[in-house]
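Me: Please go through this model with me, beginning with the conventions and then taking the structural details in turn.

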Amino acid sequence: MFNFKHEWVETNIGLLLVLTMLAISIGGLVEIAPLFFIKDTVEKVDGVRPYTPLELRGRDIFQREGCYLCHSQMIRPFRDEALRYGHYSLAAESQYDHPFQWGSKRTGPDLARVGKKYSNEWHVAHLVSPRSMVPQSVMPNYPWLLSTELDISDITDRMKALRLVGVPYSLNQDEYDANVKKFGKETADMLNIADARKNLIAQAQQGNYDGDRSSISEMDALVAYLQVLGTMVDFRKYDDDEFVKYR
Ligand code: HEC
C-alpha cells in the first residue's frame, strides 16, 4: 500500500513538487521561526553602536563598488579563521547592518576585523593601487575614490531610512535620551539625525583619512568605515572565552 503511494508521488512531477515544497517549508519553519522568538539569538555585547554618518557613507560606497563580491565580513568560529582574522564574528556586531555584508565569497581576505590593522595611509595607497602595497594582488584599482568629492546631500534621508528598519538614529528628544542611556553622550550626539552633516564634516576633518583636509572625498568615508570594522567590541573583557587569545 505504502509503496504504491510513493510511486504515485514520484511519477507525478506536480505533486512531487508541491510535497517537496511542503516538506522544506516545515523544515525551514522549525529551524528559523524560533530564532525570532528566542531572546538571546542576538547576544547583547557592550560597544556595538550604529555607524556614524561618515562611516555610513563609507559603507554605501563599499556596497556601490561591489567590494563584497570579493570580501566576506564574517569570521567563522573555527580555529584557523580565528588565528588568521581574530575573534569569530558575533551576531550583535552586524545588528545595525542593513543589508549585512557576511558574504560567502573570499577572493580577498575577510574584512570583519580589518579596522586598525593598517594605517589610513596604507588603505589609501592600497585602494588607489593595490599592487603598490601587495605586488601579487588581484584587487582592482579604485583611484576615483580619492578624486571624487563625497556626496552628503542626502545623508539625513539615509539615516531616516535606516531608522525605519530599527537602527536607533534619533529624530527627537526621547530617542536622543534613550541613546545617551544606551551608548553614552558622545555617541548619542553622533547618532542624532539633525546634526548628521555637521558630524560628518567634523569627523572627516579630524580623522583626515585620505590625507587631504581641503575637501571630503569618497576615500575619507570608505577608510573611516574600514577602520571601524570589528573594533567596537573589546574582547579582552571576555577573558573566559578561548577565542580571545587569538586577537
Ligand atoms: C576582484 C576581487 C576584489 C575586489 C572587487 C576587491 N578586493 Fe580587496 N582584496 C582582494 C584581494 C585578492 C586582496 C588580498 C591582496 C591585497 O591585499 O591586495 C584584497 C585585500 C584587501 C584589503 C586588505 C585586507 C587585509 O586584511 O590585508 C582591504 C582592506 C581591501 N581589500 C578592501 C577592499 C575594498 C574596500 C574594496 C572595494 C572598494 C575591495 N577590496 C574590492 C580582492 C578584491
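Reply: Helices (H or I, at least four residues) and strands (E, at least two) are DSSP runs, numbered from the N terminus. The model is predicted, and local features need a pLDDT of at least 70, side-chain atom pairs count only at pLDDT 80 or more, and totals for chains, interfaces and linings use all residues. Residues are numbered from 1 along each chain as its sequence is written, and side-chain values use heavy atoms, with hydrogens and water left out.

Me: Where is asparagine 208 found, given that its phi is positive?

Reply: Asparagine 208 is a residue other than glycine, and its phi is near 45°, a positive value. Its place in the chain is the loop between helix H11 (196-207) and H12.

Me: What is the relative accessible area of lysine 116?

Reply: Lysine 116, found in the loop between H4 and H5, has a positive phi near 65° although it is not glycine. Lysine 116 counts as exposed (over 50% relative accessible area, with buried under 20% and partly exposed in between, using a 1.4 Å probe and protein chains only), because its relative accessible area is 66%.

Me: What is the omega of the peptide bond from histidine 98 to proline 99?

Reply: Proline 99 is found in the loop between H4 and helix H5 (120-128). Most peptide bonds are trans. The bond from histidine 98 to proline 99, however, is cis, with omega near -5°.

Me: Which residues coordinate the iron atom of the ligand?

Reply: Donors are N, O and S atoms within 2.8 Å of the metal (3.2 Å for Na, K and Ca), and sites may look incomplete since water is not among the atoms. At 2.0 to 2.1 Å, the iron atom of the ligand is coordinated by the NE2 atom of His71 and the SD atom of Met139. One of the two, histidine 71, sits in the loop between helix H3 (53-64) and helix H4 (79-85), and methionine 139 sits in the loop between helix H6 (130-133) and helix H7 (144-147), 68 residues apart.

Me: Which arrangement do the six donor atoms around the iron atom have?

Reply: Six donors count as octahedral if opposite donors are over 155 degrees apart and all others between 65 and 115. Here the angles run from 88 to 178°, so the arrangement is octahedral.

Me: How many residues apart in sequence are tyrosine 51 and tyrosine 225?

Reply: Among the five aromatic pairs in the structure, tyrosine 51 and tyrosine 225 form one that is edge-to-face, at 5.6 Å centre to centre and 65° between the planes; rings of Phe, Tyr and Trp (its six-membered ring) pair if their centres lie within 6.5 Å, with planes under 30 degrees apart counted as stacked, over 60 as edge-to-face and the rest as tilted. Tyrosine 51 is buried at 7% relative accessibility, and tyrosine 225 is buried at 0%. Because tyrosine 51 lies in the loop between helix H2 (13-37) and H3 and tyrosine 225 in helix H12 (residues 218-228), the pair ties together parts whose separation in sequence is 174 residues.

Me: Which residues do ring pairs link into a cluster?

Reply: The ring centres of phenylalanine 62 and tyrosine 225 are 5.5 Å apart with planes at 65°, so this pair is edge-to-face. Phenylalanine 62 lies in helix H3 and tyrosine 225 in helix H12, so parts 163 residues apart in sequence are tied together. Phenylalanine 62 is buried, with a relative accessible area of 2%. The cluster linked by ring pairs consists of Tyr51, Phe62 and Tyr225.

Terms used. Four donors count as tetrahedral if all angles lie between 85 and 135 degrees; four count as square planar and six as octahedral if opposite donors are over 155 degrees apart and all others between 65 and 115; anything else is irregular.
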